[in-house]
Amino acid sequence: MSSSDQADQHEATVAEVPASEVTATSDAAEPAPGRPPLPSGAVLAVWSATGLGLAIVLFGMAYQSALPPLRGRENPDVLSNFVTAIMHYAANLAMLATFALLLAGTFYSLIQRRHHELTDTGRSLVGRAGTTAAIWFACSLAMIPLTASENNGVTLATAMQALWPFVAATQPAQAWFIPAAIALLIAISARRMRRAGAPMTVLLIGLMWQLAPVVTGNVSVGADHDFGTDAAIWASIAGLVGLASAAAALLTVESDDDVIRGRRYGWTMALAATVVVICQLVVIWYELAGTHPVQTGYGVASVALLAGWFMLALRNWLGVRRAARSRGGLAADLALGIVLVGIQTVMAHMAPPRFLAPQGSAQINFLGYEVNEAPTMAALILPGRPNLLFVSIAVGAIVLYVGAHIVLARRKVHWPIGRTIAWVLAFVLLLWVSSAGIWAYSGVAFSYHMLAHMTVNMLVPVLAVLGAPITLALRVLPAQGPDHATSARELLNALVTWKPLEFFMHPVVIGINFIGTAYVVYFSGLFEYLMRYHWGHQLMNLHFLIAGLLFFGLLIGADRNPRELPHVAKLGFLFAAMPFHAFFAVILLSSDFVIGSNFYRGLDVAWMTDLVAEQKMGGQYTWAMGEIPMLVVVIALVFQWFAQDSRDAKRQDRAMDEGLDDAHEAYNEMLRKLSERADR
């Protein structure tokens, strides 16, 4: 069998990783008893930083209360505002501790590699995350009425008397329900987690959904808030990962010569802090709205925040070649990080200069930019206003995949070039659609929205799943010895083989998610609600991208799925899904009911005169663009089916030649006996 045939058999997939590439399968030994406690200096540094962060919060709130109040908050309750900021700081610290303990119990500890089970030490660390998550839950729950009180400029007692009306009118208050739900999930399940896939799953879910208070806060208002929100998303995720890694390393590093954990933390913090610095520059540019950085207290706090993250980035990049990290150095990084959490918290309760800038048109309010001229073909296809979130995803996907391919080539490991081409084409397409003018126009016209939607939901995923990214990651990521902390490769394997994942990867669940959510979003008020907010538009497109990856990954994905279907079943599944997609397009073409009519009319775009015609044009795009991916899927399925049958035939012939398969001889013997019986 040729090397290309062997590559097509998914040897390195989750279920069939070659023995030569797998980390030692023996169960990891427990850490030696008597791990040294944290040095008193480290404990003192952390507690001192916590107190300093609280002092910064109090000072910042005192400074804010001395400024002229914002319109609509002429009579704010100072005590309620102070309590809100303090509770927010406590929630942030509890969240940081929760993610740190989850990381410490998985990525910075040993696991029993045969079944991806947590060791006693790992279970203890993850179990403690349940306690900190309970604190996070309580603080998040308290933030709901407190945020409603602060945002509406009333006392907490007034807000509590009519809590639901105040919360219903205050989106930042509603946002706190989401981290409260995530914290409650972790608090309930932490002590029941036995395998590494469980804490890694809630860790990834938590990293995404803790963003709710961020994207509905200061970065959600005024011109260019699309740039500010996207930059804040990446800064928040990277900052939380970096600081949680600092705390996790401090909890698990056994000595100053712990090379594995030291190198792991150094690279993580260096990369995370660099991302924060880059993104924070965008956020500062947006929030300061042209004012001098030291002209306002908010600007001074922004500069201090940027300087702190720059120090963390510089410190760790300079020490990246030094594998080990002293516990004192880790404590210093964590202490600085806690102070930065205090600065970030108080900034969330201060009014940035952007709040004082004129709001402008309804387009500025909803989108962050204006599209006042009707589009031309050149304006649609040439570079326009980039969507930072999806541009970052596309660029990162291309760079990481091509880099992994180069690594394998240097190791003399074959990787099919067709997979790389498919992956790169997929994300070049995503890069184009998210940076061309069509994306900006998708916010004001339903037809262009459907063009972008179909590209993200169908065209990009149908190419991306042919790239086998999980297989590639499992081949590229290095394995660690049995006495070292869990490798990223083992955690990826533990994550994708986690048993409950099979439910979400069930064909019925994937099919309902792919088809059903489109009907739910577009034929209810959800579409109009999400389009009013940049975070809502981003969440909708991100969901459609993931739904497409799961759907087409099940049908033609080169990675092994937890629930594999025979090729004939995949073809039947595709044909069962196609009518629902066609019917969706037919509804758009035939209905005179305008989807999101209030939103589009509220934008008051002069060249948008016929919303019904726009919707029908969107239906035509949906119909036409849906046929291309389906045709690609059918062709890919046929080729995969033929290739699989050819491999099976070759394998059977080889087994027969080597005497390992006597099924053919048994069949001939059965025919001989039947013939003899007939002759009698």
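**View 1. A nonpolar surface patch of about 580 Å² is made by Trp-164, Phe-177, Ile-178, Ile-205, Met-208 and Trp-209.** Helix H8 (177–189) and helix H9 (197–209) are the elements that give two or more residues to this patch, and H9 supplies the largest share, three residues. Patches join residues with over 30% relative accessible area and no salt bridge, nonpolar side chains (Val, Leu, Ile, Met, Phe, Trp, Tyr) within 5 Å and like charges within 9 Å. Ile-205, in helix H9, is partly exposed, with a relative accessible area of 34% (buried means under 20%, exposed over 50%, partly exposed in between, with a 1.4 Å probe and protein chains only). The model is predicted: local features need pLDDT of at least 70 and side-chain atom pairs pLDDT 80 or more, while totals for chains, interfaces and linings use all residues. Residues are numbered from 1 along each chain as its sequence is written, and side-chain values use heavy atoms, leaving out hydrogens and water.

**View 2. The side chains of Arg-385 and Asp-224 meet in a salt bridge (2.8 Å, N to O).** This pair links distant parts of the chain, 161 residues apart, with Arg-385 in the loop between helix H16 (377–381) and helix H17 (388–410) and Asp-224 in the loop between helix H10 (212–215) and helix H11 (225–252). A salt bridge is a side-chain nitrogen of Lys or Arg within 4 Å of a carboxyl oxygen of Asp or Glu. Asp-224 is buried, with a relative accessible area of 17%.

**View 3. Asp-592 forms a salt bridge with Lys-616, the closest N and O atoms being 3.7 Å apart.** Asp-592 counts as exposed at 59% relative accessibility, whereas Lys-616 is partly exposed at 24%.

Terms used. Accessible areas come from the Shrake-Rupley method with a 1.4 Å probe; for residues, only the protein chains shown count as cover. Helices (H or I, at least four residues) and strands (E, at least two) are DSSP runs, numbered from the N terminus.
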